[in-house]
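This report concerns a helix contact, a set of paired strands and a pocket. The sequence and structure are shown first.

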Amino acid sequence: MSQFANLIIPPFHASAARLAEIKARHKRARMTRQLFEGKWQQVLIGLEKTRHKFGDVVAHNGRITQLIQKINLVALAMDMHASVMAANPVQLSVPDGFETQRIALDEIRRRSLFDAMFHQAVRTANIESEAPLIIDVDANGDTLIRVGCPEEWLPVGTIGPDGQPSVWERRWVREVASKVRSDKPKRYLRIERHRTVMADGRSVGIVEQLAYKLPWSSIYHDTAKLEEATLDEALSDIAPESRPDPVRLTGASQPLIVRLVLGLDRGEPVPRLNDDDLDLVDASTAAFSRLDRSHEMHAHPKMRVSESMLDPETGRVPPFEAVVDPDGEVGYITTAAQFTAQLDILDRTLEWLLVTLRIAPSLLGIKLSGGATPDSYDKLRLESTNTLAAARGSEPYMTTAVERVATVASEFDSRRGTGYAISPVGAALRPEIPKDETEVGREQRDLVTAGLTSSRRAIARIHGDDQVDAVLAEIAEDRKNSAEYQSAAIFGAALPSGSGGDT
């Protein structure tokens, strides 16, 4: 820190109101995460979010439990939204004259498995309404970008005009065993705070390491009301040389955390599925569970038996489930299940749920209420208007976040390395309905024919930016060989080596 003559680090405490908002958002996100993972019973029954009655069944472990059957359209929808937004690689660009930055950015991208990481981040944002992108270093000390856990990284600062928080805190609880065996372990709230401060007239990114003594385990404590502890106390079980520095300069002009969101409303992330949408989740689950229960009753009907058929020792009629009819009538007890009506109700509730999730059923390979699936990409795209509109609405927010994380990563990497010149990074996302290679090729051919794109851009779209020069060279070689072969065929000259033909 000696490189700055006037480095002032003002104290900071996240407000209690802000922490309460984050805690409430985490609670909602945890519920959506459980739906994504298929733990619908925990949400509907455990959290008392249902208004339906579910019949009891014997589970595989022998316990009596409530029958909850579902079609997990929530998980399918979240995955499809991520594929629509992130299936095409993000294009990053820097102006001419910043070749060193471009090369370094390509290395950061390769090291981070950026395309897979971005897909994961978009899916996390769909599930939990936000995803923190973290600029970090790998085991070799090289710069990379990774996805953090939204429940661990708290955006506690004020929200800037670009939708990014000014202060981030990674919070977790750690316990340190007491030296006296009979004493309970000591609990500490550990905080890794990322923010910027002013030094020598410019903004400087810093990372602070803090610890507070905890009365009970929670990461949402107002630190202004806690007793601060030294790092030596909180990390007494860690070797001194392995403990982090209390303050570290990052070299970047912004925090090393960037928030990826679907959209913002009054500065807060917009969820894909919120509490008010649970009624549709509940209704679709109830419809499917009742249908399953009706099938079971239809497949294993009870019998009506006379008293003479009862076992005198057990009072039962093995091996049937039966009821005793004093009038002596014997036969199966059938039910009018109305399967057609139940299927219609199930289709309707699933369709309404998909509308809320902004996913076209045909994108998931299903066609509710009968009918045929789209037989062309154009028809599929027309049916997917709602899904594409959702992606277009999220695109500006995500593009801004990607540009910021790439620019800050360049700053961080430059300050730690050779100090190369930095320019703001541009980003282009290409959300669209997933296409196969044949459809992409046909689309690019039509654009080249119409004069709306170049052959180089078309090849980059089909084969990737890194393969353009190699493919162009191969095409030129093929054309050269084809011209030589045609010339030889016309004038009777020897065929070019490797061109084939009769000998």
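The following paragraphs describe these topics in turn.

The model is predicted: local features need pLDDT of at least 70 and side-chain atom pairs pLDDT 80 or more, whereas totals for chains, interfaces and linings use all residues. Residues are numbered from 1 along each chain as its sequence is written, and side-chain values use heavy atoms, without hydrogens and water.

Helices (H or I, at least four residues) and strands (E, at least two) are DSSP runs numbered from the N terminus. The axes of H4 (residues 99-112) and H10 (residues 385-416) come within 10 Å and cross at roughly 105°; H4 and H10 are therefore roughly perpendicular (65 to 115 degrees). In this contact (heavy atoms within 4.5 Å), Gln101, Ala104, Leu105 and Ile108 of H4 meet Ala406, Ala409, Ser410 and Asp413 of H10. Five of the contact residues are nonpolar, two polar and one charged.

Strands count as paired if DSSP finds at least two bridges between them.

| Strand pair | Sense | Bridges |
|---|---|---|
| S6 (residues 153-155) and S7 (residues 168-176) | antiparallel | three bridges |
| S7 and S8 (residues 186-199) | antiparallel | nine bridges |

Trp153 has Arg170 in S7 as its bridge partner, and Val173 is partnered by Leu189 in S8.

H4 also gives the most to the lining of the largest pocket, with six residues. Strand S3 (91-93), H11 (437-449), H12 (455-463) and H13 (468-491) are among the elements that each supply at least two lining residues.

Definitions and conventions: Axes are lines fitted to C-alpha atoms, for helices over the stretch in contact, and angles run from 0 to 180 degrees between N-to-C directions. Angles under 35 degrees count as roughly parallel, over 145 as roughly antiparallel, 65 to 115 as roughly perpendicular and the rest as oblique. Ala, Val, Leu, Ile, Met, Phe, Trp, Tyr, Cys and Pro count as nonpolar, Asp, Glu, Lys and Arg as charged, and the others, Gly among them, as polar.
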